[in-house]
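These are my notebook entries on a two-chain model. I set down what I looked up, with the cut-offs used.

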Amino acid sequence: MTATVAPRVPGLTFRQRMSRFDVKLSPYLYISPFFILFALIGLFPIIYTFNVSLYDWHLLKGQGDFVGLANYTDVLGDALFWNAFGNTISIFVLSAVPQLVFAVIIAAVLDQALRASTFWRMSILLPYIVAPVAVAVIFTQIFSQFNGPIAGFFTSLGLEPIRWSFDVLPSHIAVASMVNWRWTGYNALILLAAMQAVPRDLYESAAIDGAGRIRRFWSITIPMIRPTMIFVIITATIGSLQIFAEPKLFDQGSSGNVYGGSNRQYQTLVLYLYELAFPRRDFGHASAVAWLLFLLIVVFGIINFLISRTIAAQDNSPKRGARRARRTAAGATVGGTQS
Amino acid sequence: MSVLIRSTEGMTTAPRRTAKKARAYDRPGPFSYALLIALFTGAAFPLWWSFVIGSRQASDINLVPVALVPGPNFLTNVAKAFETVNFGQALVNSVIIAGTITVSVVFFSTLAGFAFAKLKFRGRNGLLVAVIVTMAIPTQLGIIPLFILMSKYLHWTGTLGAVIVPGLVTAFGVFFMRQYLVDVIPDELIEAARIDGANMWGVFWHIGVPAARPAMAVLGLFTFMAAWTDFLWPLLVLGPTNPSVQTALAALSAAGGHSPDHSMVLAGAVISVLPLLLLFLVAGKQLIAGIMQGAVKG
């Protein structure tokens with residue numbers, strides 16, 4: 001593979017030269033469609049967003065005056081940005097924490113010699129096939145102040161109905177419930193894969209030493225799957241920073257909601273970006289929001305990298321315990337991305 | 001990123017445990033099954049209830065206790081939904097969009113993944129790192145320039161091309177296929193084919209593709225589902241006359257204003273879910289295997 005494509009290598013027939021050419025060039029031909037298309041539809045738009053963010057830029061009128069970083073200072077001084085930021089963080093906490101706790105519990109239950117294990121796995125994955133739009137539509141009916149199962153339940157107990165789409169915290173709970181319903185089973189399966197990579201003899205020897213079920217779970221399972229748990233947390237975080245359909249469509253019929261609630265009480269950052277870009281036709285400010293969001297996600301990505309590096313360092317320390325097994329547990333989740 | 005690279009090992013080495021090897025310490029008790037039944041109920045209830053209300057009259061949403069038995073009006077409500085928004089067109093469009101994107105992503109990913117896994121070329125490692133880095137880029141944030149491109153320069157808004165083209169390749173697909181193929185094809189097989197006179201395309205087509213088939217199926221499933229459920233971008237570039245399933249359902253849920261027809265809306269939601277539900281019933285096992293081997297949020 002060290003020879004270059006020399007047109008005049010003595011002793012080579014035309015056929016052989018063609019063959020060498022084929023070997024050299026084919027790999028580049030095979031990977032180029034991906035790189036060319038990705039540059040056009042992935043990379044260029046992200047970079048060009050920064051350019052747009054430096055101008056007054058109207059949806060219809062197009063590019064205006066160069067304003068430098070003014071769009072960024074405007075956005076950072078806009079109470080609506082911080083409202084959306086706070087809502088995003090709040091919904092993130094309400095979704096990531098219960099999601100992880102339940103996913104770990106579900107994975108632990110599935111990590112047993114169950115009857116009909118495929119059926120149970122499929123049943124927890126069922127919500128994943130329901131699109132966020134349909135989830136939002138269905139949960140709008142479920143989390144209705146006036147009709148539906150929850151309202152009926154509260155009325156039958158003689159309680160005041162909860163104003164799900166009007167009050168801040170209930171609306172965040174409703175939106176977070178949509179995310180949790182769709183993703184908990186999915187994350188449980190990832191954690192289950194990690195749990196299955198834990199060597200069984202560890203449990204066996206712990207059981208012989210008299211450790212009970214709960215003790216084995218806390219002292220063996222949780223430490224062994226920690227890398228995967230961190231992976232799940234980070235991907236859930238990056239995902240929940242980009243929530244759009246759920247708040248956009250929650251109760252959209254009755255409140256005339258395009259912006260995430262009658263008072264933007266559940267407007268997320270991507271929804272704020274959408275409001276700026278399309279209803280308000282302000283591409284300049286919207287692009288600034290896109291880049292701020294991009295930076296936020298990069299920060300989380302760096303945290304991800306640092307945490308996983310720390311864990312890798314722990315793996316290499318001469319501590320007793322199954323280092324290799326821990327690494328395998330980390331490996332069981334092939335890397336994630338959010339697209 | 002180190003998680004990503006380390007992950008290669010896990011894909012094939014994760015030990016599998018069968019029910020036969022179960023020991024006393026992991027035998028499930030009745031509590032486990034009770035919890036699983038509760039989970040199944042929680043997962044299935046919203047969908048079942050949507051179907052129940054979608055097959056009754058709208059006022060049945062107020063029934064206490066909750067209605068759990070389907071009524072006779074499902075087809076009537078579906079017909080109403082089809083009259084309110086262009087669901088027929090939406091289903092056709094979504095099949096075309098998701099189908100085209102799936103074929104494209106699977107083909108280009110297999111091609112590039114095969115090159116990264118099995119061919120030697122200058123710059124291979126650097127380019128592979130580039131693929132991994134691009135996986136982390138949230139392309140959703142590039143919508144403004146993409147919208148300018150589609151509306152001002154290409155005049156594609158309102159056409160399916162505007163939705164299809166931005167989905168034609170994914171970095172994840174390339175990485176996924178590379179991870180699979182790197183272990184599954186022995187280098188000797190490629191050398192033997194070369195000695196027998198196969199050209200590089202022949203090697204890819206007759207060795208790479210057959211070996212890649214299981215991973216292609218999994219990647220295809222995830223890609224189809226991601227394209228089918230996508231909402232933000234189709235909302236921006238497809239108008240109400242030429243909707244996707246998701247934009248049509250969003251329009252349907254807004255159609256009633258303050259007094260929506262709950263049965264019609266939920267019947268529409270059921271229709272929008274049905275194609276993926278059928279796919280899930282047929283290929284759910286592969287989907288689970290894909291997630292557990294380390295597939296990804298689409």
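**Conventions.** I worked with a predicted model, in which local features need pLDDT of at least 70, side-chain atom pairs count only at pLDDT 80 or more, and totals for chains, interfaces and linings use all residues. Residues are numbered from 1 along each chain as its sequence is written, and chains are lettered from A and ligands numbered from 1 in the order in which they are written.

**Confidence.** I first noted the overall scores, ipTM 0.88 and pTM 0.87. I then looked up pLDDT, the predictor's confidence in each residue from 0 to 100. Chain B has a mean pLDDT of 87, with 90% of its residues at 70 or more. Where pLDDT is low, the predicted coordinates should not be read in detail.

**Chain content.** I took helices (H or I, at least four residues) and strands (E, at least two) as DSSP runs, numbered from the N terminus. Chain A comes to 14 helices and two strands, whereas chain B has 13 helices and zero strands. I call a residue buried if 20 or more other C-beta atoms lie within 10 Å of its own, exposed if 12 or fewer, and partly exposed in between, with C-beta atoms placed from the backbone. Buried residues make up 46% of the 339 residues in chain A and 48% of the 298 residues in chain B. Two residues are in contact if their C-beta atoms, placed from the backbone, lie within 7 Å. Among contacts in chain A between residues at least 6 apart in sequence, 70% join residues at least 24 apart; in chain B, residues 24 or more positions apart account for 75% of the contacts with a separation of 6 or more.

**Helix contact between chains.** I fitted axes as lines to C-alpha atoms, for helices over the stretch in contact, with angles from 0 to 180 degrees between N-to-C directions. The axes of H5 (residues 132-142) of chain A and H12 (residues 245-255) of chain B come within 9 Å and cross at roughly 20 degrees. H5(A) and H12(B) are therefore roughly parallel (under 35 degrees; over 145 is roughly antiparallel, 65 to 115 roughly perpendicular, the rest oblique). The contact is made by A:Val133, A:Ala134 and A:Val137 of H5(A) with B:Gln246, B:Leu249, B:Ala250 and B:Ser253 of H12(B).

**Helix contact within chain B.** The axes of H10 (residues 200-229) and H13 (residues 262-292) of chain B come within 10 Å and cross at roughly 130 degrees. H10(B) and H13(B) are therefore oblique to each other. Contact residues include B:Phe222 and B:Trp228 of H10(B) and B:Leu287 and B:Gly290 of H13(B).

**Single residues.** I found A:Pro45 in helix H1 (residues 14-52) of chain A. A:Pro45 counts as buried because it has 23 C-beta neighbours inside 10 Å. Not counting residues up to four places away in sequence, A:Pro45 touches B:Gly142, B:Pro145 and B:Leu146. A:Arg280 sits in the loop between helix H12 (269-277) and helix H13 (283-316) of chain A. With 14 C-beta neighbours inside 10 Å, A:Arg280 counts as partly exposed. The C-alpha atoms of A:Arg280 and A:His58, 222 residues apart along the chain, are separated by 8.9 Å.
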